[in-house]
Amino acid sequence: MSNDQPPPGQPPEDDPFSKKPHGSQPPPSSGSPYDSAPPPPPYDPGPYGGGQYGGTDPLSGMPPLAEPGKRILARLIDFLIISIPLYLISLPWGGAVEMSDNNNDDNVSDVFAQTYSGHQLLWSLIALVVYVAYDTYFTHKDGRTLGKRLLKLRVAMLNDGRVPDTGSAFLRAVVLWVPALLCCPCLWWLINIVLMFTDKPYKQGLQDKAAKTVVVVTN
């Protein structure tokens, strides 16, 4: 018998299933590039997710989407922050809202004409400028209006989670406020509220779809 045989019960030194001592050297490479290549690093989308709009899920790594109820409450807070001072400022000039003495509510054209006649239209335009400027400034500044700041929400670009630039913030504000203040406020708010609850997968209102933004939760 050869003296090279291992003792009974002990595996041979070249047994591939034997446990190697800690710190032992790995077997020599066969020369293939796949033998020495390190494993790929885990995917890290960064603090606010990667992917491009329409490509890989942009929300990967981004904070959770905001709940519609909180978004509505934040918008109501913003509305009151602007509308109450505007109304008080308008009082010396007759108020921003005119009360008509005409009780004929059936004549829709007369009601519309009374609603947007005289200084009422002027104050509507002033309010529009103030609302758009307010939303644009705070959305571009850090993605948070005062209402969103109170409820820990933030507007983020869908493709990479960054704060919207001036153009995106302005477009978002215009799409949100122009129809709401000048032509169809009830219908416009209703459409946006329904979209926040039903739009999949990003819960985008019409202003979000136009500016390619989402509203997310912050710490």
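Predicted model: local features only at pLDDT ≥ 70, side-chain atom pairs only at ≥ 80, totals over all residues.

Reader: Ok. Which residues are buried in H2?
Author: In H2 the buried ones are Pro68, Arg71, Ala74, Arg75, Asp78, Ile82, Ser83, Leu86 and Ser90.

Reader: Why would a helix bury residues at that sort of spacing?
Author: As a general point, an α-helix has 3.6 residues a turn, so residues three or four places apart point the same way.

Reader: What distance separates the end C-alpha atoms of H2, and what should its residues span?
Author: The end C-alpha atoms of H2 are 32 Å apart. With 23 residues at 1.5 Å a residue, H2 should span 33 Å, so the two agree.

Reader: Zooming out, how many helices and strands are in the protein chain?
Author: The protein chain has eight helices and two strands. Starting at the N terminus, the order is α-α-α-α-α-β-α-α-α-β.

Reader: And how much of the chain counts as buried?
Author: 33% of the 219 residues.

Reader: What share of the contacts comes from residues 24 or more positions apart?
Author: They make up 64% of the contacts with a separation of 6 or more.

Reader: Back to packing. At what angle do H2 and H6 cross?
Author: Roughly 80°, with the axes of H2 (residues 68-90) and H6 (residues 166-182) coming within 14 Å.

Reader: Which residues make the contact?
Author: H2 brings Arg71, Arg75 and Phe79, while H6 brings Arg172, Leu176 and Trp177. By class, that contact has three nonpolar, no polar and three charged residues.

Reader: Which residues of H6 are buried?
Author: Ser168, Ala169, Arg172, Ala173, Leu176, Trp177, Pro179, Ala180 and Leu181.

Reader: What about Asp135, where is that, and is it buried or exposed?
Author: Asp135 is in helix H4, residues 119-142. Its relative accessibility is 2%, so Asp135 counts as buried.

Reader: What is Asp135 in contact with, leaving aside neighbours within four places in sequence?
Author: Arg75, Thr145, Arg172, Ala173, Leu176 and Trp177. Of these, Arg75, Arg172, Leu176 and Trp177 also take part in the contact between H2 and H6.

Reader: Last one: how does the span of H6 work out?
Author: H6 has 17 residues and should span 24 Å at 1.5 Å a residue; its end C-alpha atoms are 23 Å apart, which agrees.

Notes
Residues numbered from 1 in each chain as written. Heavy atoms only, no water. Axes fitted to C-alpha atoms, helices over the stretch in contact; angles between N-to-C directions. Helix = DSSP H or I, 4+ residues; strand = E, 2+ residues; numbered from the N terminus. Contact = heavy atoms within 4.5 Å. Nonpolar A, V, L, I, M, F, W, Y, C, P; charged D, E, K, R; others polar. Buried < 20%, exposed > 50% of the residue type's maximum accessible area, 1.4 Å probe, protein only. Expected span 1.5 Å × (residues − 1).
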